[in-house]
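Here is a friendly walk through one structure, written for someone who likes to know how each term is defined. Have the viewer open as you read.

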Amino acid sequence: MAESDARLHERKHFWRDELLLIISMVAFVVVVYALDNALDPVFTPSTLLFAGVLLALVPAGIWLVFFNLQDRAEPEPKGYVLGIFVLGALLAAAIGIPVVESLFRVSHWAYTSTVATILGGILVVGFTQEFLKYAAVRYSIYHTDEFDEPTDGVIYATAAGLGYATVLNIQFVVSNGGVDLGSGVIRMAVVALAQAAFSGITGYFLGRAKFESEPIWWMPLGITLAAVFNGLFNWLQGIVIQPTVTLSGSTNNAWIGLVLATIVALITTGALLWLVRRNIKHLQTTE
Amino acid sequence: MHTKQVSLGDRYAEIAVILVTAIALLLGWFYKSSIENASLPFNASGVTAEAPSGWLQPQPSGNELFRAVDINSGGFGTTYIISKITIADDVPALEVASIVALAHAQDLLAFRVLNQQEVQVYGRTAYELSYVFVESNPDLTHSELPKVVRGTDYIFVNAGEAVVVSYQADEKNYDLDLNRFLLFLKSIKF
């Protein structure tokens with residue numbers, strides 16, 4: 001009976017916090033962008049690097065703050081959530097980035113044509129990232145008593161996704177020796193929103209796989225869907241942020257990228273919430 | 001934290017995820033190889049080769065018959081060059097290598113020969129000249145660090161002419177791009 005109750009728990013606070021995370025991320029970008037333009041700060045190479053790394057940590061920080069607030073209403077062990085976040089980050093640094101950048105050298109060939117961008121984005125980048133985020137949850141918390149309701153899949157996978165995004169952003173900052181704060185912060189928000197959204201898909205499938213008797217193809221389907229969305233998003237992102245060059249100069253379209261990422265994150269969160277609610281209704285009618 | 005026992009269905013699902021991911025990555029690898037190894041036929045002055053597809057091919061000048069640059073390479077763009085030099089009938093390969101090295105020393109910044117030796121290249125005797133140089137953008141407004149480039153020339157001497165096949169790549173990409181160059185080298189006929 002207790003397990004049945006857990007399965008019928010929608011965790012409204014979590015979904016509200018997902019929405020707040022998206023809104024806060026956009027607000028964070030607007031504030032940093034405005035401050036950068038207004039103050040025009042001057043950095044030394046080391047302070048620029050430091051500022052970039054700090055900014056890379058902010059999206060995960062925002063999420064963790066909201067998570068901590070909602071956690072008072074619907075307790076989830078904070079240590080485990082933080083642990084999954086760190087695990088996602090470690091897997092990105094130790095396996096994800098080396099596989100994509102060094103083994104497959106994606107940047108070397110994936111931008112030679114549209115088909116290459118899409119296939120490279122799905123088959124290599126998408127599957128590597130989504131599998132590692134899945135593994136961070138599946139081989140740690142998944143088989144414990146703490147993973148006690150389907151929505152936990154989305155919570156823990158989102159934590160893994162944000163850990164992954166944080167390392168991607170830090171790597172971007174470090175490999176460029178720092179970033180321009182204005183455009184850099186947009187990129188960081190885009191990466192965080194996208195990674196959180198796609199890992200949410202994997203998390204939804206993980207949650208249902210644990211509490212319902214799903215067929216063998218269920219989890220591979222979840223990873224494949226997340227990888228496909230991941231690859232398609234990166235391709236679309238590449239198209240929309242291409243600078244517009246005119247006789248009077250070029251225009252930076254990074255803001256359109258942020259709008260796209262926000263829409264994708266909102267749609268994904270909305271779709272996952274709808275799926276969870278539908279699932280709960282289905283369970284209520286069958287039990 | 002209590003850990004529950006994994007059911008057989010869970011185990012199969014787990015294996016299925018690993019299999020699907022492995023298949024996707026394998027397909028990705030084949031696709032990557034198909035793009036990187038794609039080629040176009042090249043033919044000039046009796047020299048034929050399978051040139052990399054999608055690379056920039058600037059108009060060759062002087063003794064050069066062919067030059068292709070990979071614009072997607074990080075740092076210095078990986079470059080293949082085929083040159084043809086007219087020589088006297090009795091000039092040994094070692095002497096041609098000295099001429100080639102001297103020409104490089106005049107054209108390239110901080111040029112140093114790393115190694116030179118006679119080698120067999122796909123059944124053909126050649127002289128291998130390995131070197132390093134620094135590529136620096138001549139535009140003084142460019143605030144970027146000069147790049148260290150590694151190069152290898154294969155010098156084939158044949159009845160009054162020498163064909164020099166050069167491979168130059170950023171030191172970070174040299175080993176990574178070498179297999180692609182060996183495919184190109186294998187395809188050269190003259």
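The report below goes from conventions to chain A and its cavity, and then to the strands and pocket of chain B.

## Conventions

This is a predicted model, in which local features need pLDDT of at least 70 and side-chain atom pairs count only at pLDDT 80 or more, while totals for chains, interfaces and linings use all residues. Residues are numbered from 1 along each chain as its sequence is written, chains are lettered from A and ligands numbered from 1 in the order in which they are written, and side-chain values use heavy atoms, with hydrogens and water left out.

## Chain A in outline

Chain A holds 10 helices and two strands; helices (H or I, at least four residues) and strands (E, at least two) are DSSP runs numbered from the N terminus. Read from that end, the order of elements is α-α-α-α-α-α-α-α-α-β-β-α.

Of the 287 residues in chain A, 54% are buried, where buried means under 20% relative accessible area, exposed over 50% and partly exposed in between, with a 1.4 Å probe and protein chains only. Among the contacts in chain A with a separation of 6 or more, 81% are between residues 24 or more positions apart; contact means heavy atoms within 4.5 Å.

## A cavity in chain A

Rolling a probe the size of a water molecule over the atoms shows where empty space is left. The search uses a 1 Å grid over the protein atoms alone: a cavity is a set of points where a 1.4 Å probe fits but cannot get out, a pocket is an open set with protein on both sides within 12 Å along at least five of seven lines, and lining residues have an atom within 4 Å of a point. Grid points are joined across faces, edges and corners, and a volume is the space filled by probe spheres set on the points.

Across the whole structure, three cavities of 30 Å³ or more turn up. The second largest cavity has a volume of about 50 Å³. Its lining consists of A:Glu18, A:Leu21, A:Ile22, A:Leu193, A:Ala196, A:Ala197, A:Ala265 and A:Thr269. At least two lining residues come from each of helix H2 (12-39), helix H8 (181-211) and helix H10 (254-286) of chain A. By class, six are nonpolar, one is polar and one is charged; Ala, Val, Leu, Ile, Met, Phe, Trp, Tyr, Cys and Pro count as nonpolar, Asp, Glu, Lys and Arg as charged, and the others, Gly among them, as polar.

## The sheet of chain B

In chain B, six strands make an open sheet with antiparallel pairing, in the order E3-E4-E8-E7-E6-E5; two strands pair if DSSP finds at least two bridges between them. E3 and strand E5 (109-121) of chain B are the edge strands, each pairing on one side only. Neighbouring strands are turned by 15° against each other on average, direction ignored. Helix H3 (residues 174-187) of chain B packs on this sheet, touching E3, E4, E5, strand E7 (147-158) and E8, and its direction makes about 150° with that of E8(B). Axes here are lines fitted to C-alpha atoms, for helices over the stretch in contact, and angles run from 0 to 180 degrees between N-to-C directions.

Inside the sheet, E4(B) and E8(B) are joined by eight bridges, with B:Lys84 opposite B:Val163. E6(B) and E7(B) share nine bridges, and B:Val134 has B:Val148 as its bridge partner. E7(B) and E8(B) pair over 10 bridges, with B:Val149 facing B:Asp170. The hairpin of E7(B) and E8(B) has two residues between the strands, and B:Ala159 takes a positive phi near 40° there.

## A separate hairpin and one residue

Strand E1 (residues 39-44) and strand E2 (residues 47-52) of chain B pair in the antiparallel sense over six bridges, and B:Pro41 stands opposite B:Glu50. Two residues lie between these strands, and B:Ser45 takes a positive phi near 50°.

Beyond its neighbours within four places in sequence, B:Val157 is in contact with B:Ile87, B:Val91, B:Ala93, B:Val96 and B:Ala162.

## The pocket in chain B

The second largest pocket has a volume of about 630 Å³. It is lined by 24 residues, and the closest to its centre are B:Glu64, B:Arg67, B:His104, B:Asp107 and B:Leu108. Two or more lining residues come from each of strand E3 (64-69), strand E4 (79-86), helix H2 (93-107), strand E6 (124-135) and strand E8 (161-170) of chain B. H2(B) gives the largest share, five residues. The lining divides into 11 nonpolar, eight polar and five charged residues.
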